[in-house]
Amino acid sequence: MKTILVTGGAGYIGSHICVELLQAGYAVVGVGHLCKARPEALNRLQLITGKPLLFHEQDVRDRKALTGVFSRQAITAVIHCAGLKAAAESITFPERYFDNNVGGASVLCEVMVEQGVKTLVFSSSACVYGRVGNEPIAEGAPTRPVQPYGETKLAVEQYLRELCAGDSQWNAISLRYFNPAGAHPSGLLGEDPAGVPGNLAPLITQVAIGGRGHLEVWGNDWPTADGTGVRDYIHVVDLALGHVQALAKLTENPGELIINLGAGRPYSVLEVHAAFEKATGRKIPYRISPRRAGDIAVSFADPALAKRLLGWEAVRDIDDMARDAWRWQQLNPNGYGAVDSPPPRVRLRSN
């Protein structure tokens, strides 16, 4: 059985990745400092899979502690999801984003080299493309990030490119996510943001359940059909399955690859809003506000390379995302709740 280290394994995307890895027959070890995640997510993913997971509560920038994780488990490969991810916040605190995202990846890769583990799947972002036209974005499109968050993702991609170019034993795939949404269909795992959500789906469901008065729509004067921003939304389960396929591809020793993970079907903010009104059966009030700094009009993927190289494609649509996100919100109106310490079924280590 291969053992995969997942950094950020208790987070929204990381926890869904852990579920799919465990169900695919991998052993999983998680790492994260739980600053924006809850141990309860670890309990839930084990409840879904019926399989154990060992989690180390630590920051990936802690070189000594991370070395200890590798020394105690025979790690085969790493999926690196840990890092800060709020694009708008990165404009205010760029130094935090470079320290966490670039610094964390650097320490992780250095420890991996020391331990002889040179297989990595990196959680990158479509933010690296920046402002583009109204056409689907392929991997060869120019990379011009418009916020520090995107710049950090691009910097890590470039670092991995150099590692693979300088050492034929290195294999790395950077997966450029478009817009993850939805939740596990069980309703046990979902997006539980701290404070004001940075993503559209949890904002809508929080309004629908009464936690917020209205949805803020940032601009209705974009050059799109209805004036609101257009994005490529991908179900978080489809996204997680893409990582399992990426690991399989890495067994072929491909070197360095960059692959989009997106559905290739764009939706405007108001189209997403309509899908959630349909899923909830409720009227969801919204208010138009001025555009935000760093936003762009249109961004959606050309997912052809993922299908060709990974045998992967998104199969869940916006109605699936809305339905599953609403089920999660209804079953968990306060998210995972105030969990001060994990129940015994989580093997949690603090280094």
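Biologist: Where does the charged end of R291 sit?

Modeller: In this predicted model, the charged end of R291 is placed over the ring of W222, at 3.9 Å from the ring centre. A charge counts as over a ring if the Arg CZ is within 6 Å of the ring centre and within 35 degrees of the ring normal. Another case is R96, which lies over the face of F93, 3.7 Å from the centre of that ring.

Biologist: How is a pair of aromatic rings described?

Modeller: Two values are used, the distance of the centres and the angle of the planes. The count here is 3 aromatic pairs. One of them joins Y97 and Y149, with centres 6.5 Å apart and planes at 90°, so this pair is edge-to-face. Planes over 60 degrees apart take that label.

Biologist: Which parts of the chain does that pair link?

Modeller: Distant ones: Y97 belongs to helix 5 (residues 94–115) and Y149 to helix 6 (residues 148–166), and the two tyrosines are 52 residues apart.

Biologist: Is Y97 buried or exposed, and what of Y149?

Modeller: Buried means under 20% relative accessible area. Y97 has 0% and is buried. Y149, at 9%, also counts as buried.

Biologist: Is N253 buried or exposed?

Modeller: The relative accessible area of N253 is 56%, so this residue is exposed; the cut-off for that label is over 50%.

Technical notes
Residues numbered from 1 in each chain as written. Predicted model: local features only at pLDDT ≥ 70, side-chain atom pairs only at ≥ 80, totals over all residues. Heavy atoms only, no water. Buried < 20%, exposed > 50% of the residue type's maximum accessible area, 1.4 Å probe, protein only. Phe/Tyr/Trp six-rings, centres within 6.5 Å; stacked < 30°, edge-to-face > 60°. Helix = DSSP H or I, 4+ residues; strand = E, 2+ residues; numbered from the N terminus.
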